[in-house]
Each structure stands twice: as structure tokens, then as C-alpha cells.
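Here is a report on one structural model. It goes from the chains to their contact, then to the core and local backbone details.

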Amino acid sequence: MKKYPRMTLNERVQHLNLFINFTVLVITGFALKYPQAFWVSPFTEVPLGMTFRGLLHRLSGVAVLTLGGYHVLYLLFTDQGRRILRDMIPGIRDARDLWETLKNNLFINRPAKELKMGRFNFREKFEYLGLIWGTIVMAVTGFILWFKEPWLTNFPAWTYDVARAIHFYEAILATLTIIVWHFYSVVFDPEVYPMNWSWITGEMTEHEMELEHGLELERLKAREKEKAGETGADTGKAYPFYGKGGGKGSSARSIYSIIQDFNRDIKNWKGM
Amino acid sequence: MRDFKEWAVFSGILSIALILSMAGGVWGADNSLCMGCHQDEALTRQDAQGAKILLYVSEAEFKKSVHGGLSCTDCHAQIKDEAHAAGGQKVRDRVECGTCHQNEAKEYRQSLHAKAIMKGTDAAAHCYDCHGTHAIYPVKDEKSMVHGANIEKTCNRCHSDTRFVKDHALGAGPTPGELFELSIHGQTGEVTCASCHGSHDLRSLIDPQSSIFRSNVTQTCGVCHPEIAKEFEESIHGVLAARGRSESPTCTTCHGIHGIKTKVAPESPVNERRIAMTTCPQCHAAERISETYGITTGQVKSYYDSFHGLSYQGGDTYSANCASCHGVHNIRPSSDPKSTIYKDNLQKTCGHCHPGASANFAKGKMHIAASIHAEEFGEKVAGWVRVVYILLIIVVIGGMVFFNFTDWLRKTIDKRPR
């Protein structure tokens, strides 16, 4: 099964970092809003638990922002990053893709229109934009709440109350977006279920590429042919900067191959 | 003349001596006639309920007591002749301690116990119930039943006897004795029942001169806690309580009565964990009280929704509770310049925990409740933020749910085995 590179190791580490810190933020954040919920008892039953909660929340917040800063530098100053930036810019094509997908799903297009989407389809672009927006809003309001004394030296008290409200509701929006949009895209979508593993392995199968990034697949294949034609060998390198190219994955190989086999079995399940 | 004069003086002295010796009341009086029968330990009589009453008197004990120099009939003055000694007839009337102890008797007659007796409850405390009968010692004497260390036991003989308490409807739940034993007052060993209730002047709860009458409680506690009492008297609660407002708390409302513990004890109502959960909200979140006094119940809810309230509910002891900002015994309305929450004092109050708190900290409403209908600007804006965001969430997330659901549906249908 041919594999296509999707995320470099650096990118996967960035994503994992974000994953962990976002989760910590969500848990420690909502723990303050719902202190009597059952899942908050680890904080409430322990002396200084709530103080620790606050510390964790701020630490994770700083971690996300540091990661964000690193990511911006990555986008600006590395080849991979610059390419991502270029491929992530949303356009009319994405709006069209979304609209056509919706029509397909509602059986308005009969037969369903085949859509070839680029390296990052409308789902990912939407997710990415949402992440930028959410991070900015949460960071700004978060800092107001954290450094209230200096802030309130220069601004009226009502800005604190407003920042608090925004911080809470944006948190709800962000958390629900991750659950409803992102988790569907990478877990519950029948075409990738039980999971799109590229966040660990860094690769996607040809089939997955076909379904979700058809245009990119075409482009890559054309490039391969070109390269093969030039040098007479299949270099197999999809992107010029990828070290080892498609195929070999990460060090989580052995664990992954078990999961991979399981994954394949589920996908090929034809019933009893 | 000289002879007569001498004789007159002599006979005068003799008669006086005779009268005196007949009347008794001289130190080391002769009680042998009485003791003849009453030294018998088996001497008893039956009272109206049929219970046996011991009539034995230990002469040794009596001689050691404070009344030891008196004769029996000095107190048992009803016995005027030999009739009792001869026929063993029951003596009808009680001993009148007031014959000698007039001031105490006068005081006692106004007291709760005396009034109960007069109304017919003979089981209430008479003089001898607290002081003893034949073995009365001075108060300062350790053997006295009303010595500081013994008073509790004396009072609790009735007031912690569950049967007695039940029979005379003296209250339900743990007895005062049980509560007091565990309280901080009980453990210091310096406070006794009489410290707060008085002794001969122990009056009914509804007697305006009683030390435990509602309006007098602050004064009573103030005997040992004078600065706090003074502070409290000037506070809003103190002022209202003194005016007779029964909903306004006094010392006992917040601290308890017999079972007062220090504020570090978790069961104490003034423990920092309970102040904002129970002690203050029980009145300030009560609709009836709010309506009567024109205050709002929103303060409690808005506190619970604020950062301080949320963190506090999570168990944080650093977060502000009601007392942190409003004070404890010096609670005054925000319009009072001496109040911790007076507008010019707020910065300092907030500054206790937030060093660097600017004047802006204190501006605007503290107990905010975000609502688009609110009058305060901050509340209104936060209210609008809420409305807009909820709409946004419904539209955006709703849209996502719809989109993904249809996607899932289509893909599931397409994957059906054919």
C-alpha cells in the first residue's frame, strides 16, 4: 500500500503538543466553572487543589502560546512551513467544495459529484482558521484575567467582566468545534474510522488521499512521473524537503502496525 | 436603791441570757433533739408521687458547712414546738432561705425557676436544688455545688437529664451540657452556665431583663468580649438587632449558643468554608428577609457565579468569601464611610489580597449579574456578549453538526454491503 507523507515529525510533535495542552486547558478551565461536577473532585478534594488548577491552566496557556509563536516562525522560516502557509490560504474553491459536498450528502447532486480537493481541503482550512481565531481570543482575554491588576490600572472595571464572559463562551465554542468538527474529520468519518493515523505516523494511504485530497494526489503522481522520467528512477519523494520520503514512518512502528492491521480489518469488514 | 438597781441589771442579763438560750442561734447550738431521729440513715418518708425521700442528716457534714453554727430550727423555723419531735408529723412548709438571704431571695423571685415553681412546676430549681441542703459551702469553696468548677454539674443534673428535659419540654436534640462540653467555652474551664445565664437573676428568654433576652445578648457576650461587642453594636446587624429586628443576627445567630467552637473547627458556622455557603446565605439569599429589608437575593447568586465564588466552591481557601470584603463584626452598609465596602475604602479592601489594586478595581458593581436588561454598563455589555456568543455557538456548531451528520449519513449509506 503506497503511503504519502502528510506530516513531518516536527509537525506531528507540534500537533501532539497542542493536543495535550488544549486538553489540559479545557479540563482545568471548565473545572473552575463547574466546581461541583463529579470530574472536578480531584481538584476540590485535595488541599490547594484549585490553586494548582489555576497554575496548570496558566502553564498550559503559556505553552500553547509558545507553541503558537514557534509555529509562526516555522511557517515563515522553513520550507515546509512556507508551503503549508501557501497551501492553507482559503479560496473560492473551498467554499465551492463545501457547498458541493453538502449537496452531495443531501442527495441534491445525483449522481454525487466527485470532488478533487487540494492538499488541505475545506475541513482543514476551516479548522486551522478557527484555531487561529480561538487562540487569539483566548490568549488576549486570558491575559486580561491573569494580569488583572496592571490591566485595571489602565482600563475600566467592566472590561474585566466582559473579558471573563468572552473567555468562557469562546472556550465553549472552541471545545465544541474540536469535538464536532475535528473529531468527526479524524475519527468518526466513515472513510477514516477508527482513526486517521497520520498524526502519529505522518502518512496517509493512497486511498485516503484519493478521497480527501484528490487534486494533491494527481499533482504528486504527475511529479513522480516527471522525476522518474528525468532520472529514470522512482525517487518516491513527494515533497522536496521530506527527509526519507513516503514509506518509512516513525519510531512508533511496532505499536502502530498492530493498530494498522486492526484498522484494516475494520475497514474491510464485510459482515458475518 | 442601789440594791434594786443591782438586782435589776442582774435579772435583766439573766432573762436575756435565758431568752437567748431558749431561742438558740448561738454558735455550737444544741441540735441533739433533732439528731436523735435524723441521724438514723433509714429514716425516710414518702412524697406525693410515692417516691422515698431520705430524712437522714449527717451532723458531721452539717457542722463543716457554712451553716454549721446554726441550730436546725434556725432554718426549719416552722418547727415551733415539740409536736413534730413527738409525733413524727410531716412538716408542711418549706424552708425560707430569704429570712436571712433577703437580696438573693428577692432576685430569685423574679427568676425563671421561681416563676415556674409558682406556676406549679415544683421540679424547677429551689434554693436547695442548686446550693444543697445541709452541706452548703461558700461559693469560693471547692466543695460548694455552685463553685465555678461544679456549676455545670449542678445545672446539668436537670438540664442534661434526657428524661427530665423531655418531661419538662426543655428542648430537643443534644442537651446544653453535651454541647457545652465540646465547645471552646467549655474547654477553657473559665466559663460556666452562670457566666451567661446568671444565677439568682436567671430570667426567662422572653423577659426583657434577662441576660439572654435577644436585645441583651451582645451585652452578655460583651462582658468577656468587650471590643467585639462594641464593634458589633455599631454595625448594621447590631443596630438593627438593638432596635428589636428579630431577623437581624446577634452573637448567637452566627456563632451558636451552647456549642460555640472556634472558627478553625469545621463544624463552626463561622468557619471560612461555611461562611459563604451557609452562614450568610441563610439570610441573604432568603426571599422573605430580602423583601422585608429591600435588599436583593442576587448578591449570593452573583457571588457564586463570580471567580471568587467559583473558586471558593471548589475548596479554595484563598478566595474571598463574604467576610473577606464585608467584615465580620463591623459590617456596615456601603453608604457608611466607615464600611469596608464604602467606595473610597474599596481599593484598600481589595488591596488586602490584590497588592497593586488600582482605583479602577473598585469602580462599578461588584456583585455583577450579566444581563442585557441590567443597568450597569459592564453587566449590560457582558449580557450582550453572552447573547451574541450563544447565537454564534448555535449557528456555527449547529451548522457543523448538520453538515457532518449528513456527511456521515451519506457515507454510511454508500458503504452498505451490496
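What share of the 418 residues of chain B counts as buried? The share is 22%. A residue is buried if 20 or more other C-beta atoms lie within 10 Å of its own, exposed if 12 or fewer, and partly exposed in between, with C-beta atoms placed from the backbone.

## Basis

This is a predicted model, in which local features need pLDDT of at least 70, side-chain atom pairs count only at pLDDT 80 or more, and totals for chains, interfaces and linings use all residues. Residues are numbered from 1 along each chain as its sequence is written, while chains are lettered from A and ligands numbered from 1 in the order in which they are written.

## Chain B

Chain B has 25 helices and two strands. Helices (H or I, at least four residues) and strands (E, at least two) are DSSP runs, numbered from the N terminus. The C-alpha atoms of chain B fill a box of roughly 145 × 70 × 35 Å along the principal axes. The radius of gyration of chain B is 36 Å, whereas a compact globule of 418 residues would have one near 22 Å. That radius is taken over C-alpha atoms, and the globule rule is 2.2 Å times the number of residues to the power 0.38. Among contacts in chain B between residues at least 6 apart in sequence, 40% join residues at least 24 apart. Two residues are in contact if their C-beta atoms, placed from the backbone, lie within 7 Å.

The domain assignment of chain B lists domain 1 (24-83), domain 2 (120-212) and domain 3 (372-399). Such bounds come from an automatic or database domain assignment. The centres of domain 1 and domain 2 of chain B, taken over C-alpha atoms, are 27 Å apart. Their contact takes six residues from domain 1 of chain B and five residues from domain 2 of chain B. On the domain 1 side there are three nonpolar, two polar and one charged residues. Here Ala, Val, Leu, Ile, Met, Phe, Trp, Tyr, Cys and Pro count as nonpolar, Asp, Glu, Lys and Arg as charged, and the others, Gly among them, as polar.

## Chain A

Chain A holds 12 helices and two strands. Along the sequence the pattern is β-α-α-α-α-α-α-α-α-α-β-α-α-α. Of the 272 residues in chain A, 28% are buried. Among contacts in chain A between residues at least 6 apart in sequence, 68% join residues at least 24 apart.

Helix 3 (residues 49-77) of chain A has 29 residues. Helix 3 reaches 41 Å from its first C-alpha to its last, close to the 42 Å expected. The expected span is 1.5 Å times one less than the number of residues. Buried residues of this helix include A:Met50, A:Arg53, A:His57 and A:Val64. Their cover includes helix 1 (9-33), helix 2 (41-44) and helix 6 of chain A together with helix 22 of chain B.

## Where the chains meet

The contact takes 41 residues from chain B and 40 residues from chain A. On chain B, helix 22 (307-313) and helix 25 (377-414) are the elements that give two or more residues to the side that touches chain A. The largest share of that side, 22 residues, comes from helix 25 of chain B. By class, the side divides into 21 nonpolar, 13 polar and seven charged residues.

## Nonpolar cores

The largest nonpolar core has 23 residues. A nonpolar core is a set of buried Ala, Val, Leu, Ile, Met, Phe, Trp, Tyr and Cys residues joined through C-beta atoms within 7 Å. Those with the most contacts inside the largest core are A:Val162, A:Ala165, A:Ile166, B:Phe361 and B:Val385. Helix 6 (122-146) and helix 8 (158-188) of chain A, with helix 24 (346-351) and helix 25 of chain B, each supply at least two residues of this core. Helix 8 of chain A gives the largest share, 10 residues.

Leaving aside neighbours within four places in sequence, B:Val385 is in contact with A:Val162, A:Ala165, A:Ile166 and A:Tyr169.

## Backbone details in chain A

A cis peptide bond joins A:Arg110 and A:Pro111, with omega about -5 degrees. A:Pro111 sits in the loop between helix 5 (92-105) and helix 6 of chain A. A cis peptide bond also joins A:Tyr193 and A:Pro194, with omega about 5 degrees. A:Pro194 is in the loop between helix 8 and helix 9 (198-201) of chain A.

A:Leu48 is not a glycine, but has a positive phi of about 65 degrees. A:Leu48 lies in the loop between helix 2 and helix 3 of chain A. A:Phe107 has a positive phi near 60 degrees, and lies in the loop between helix 5 and helix 6 of chain A. A:Leu48 is partly exposed, with 14 other C-beta atoms within 10 Å. A:Phe107 is partly exposed, with 13.
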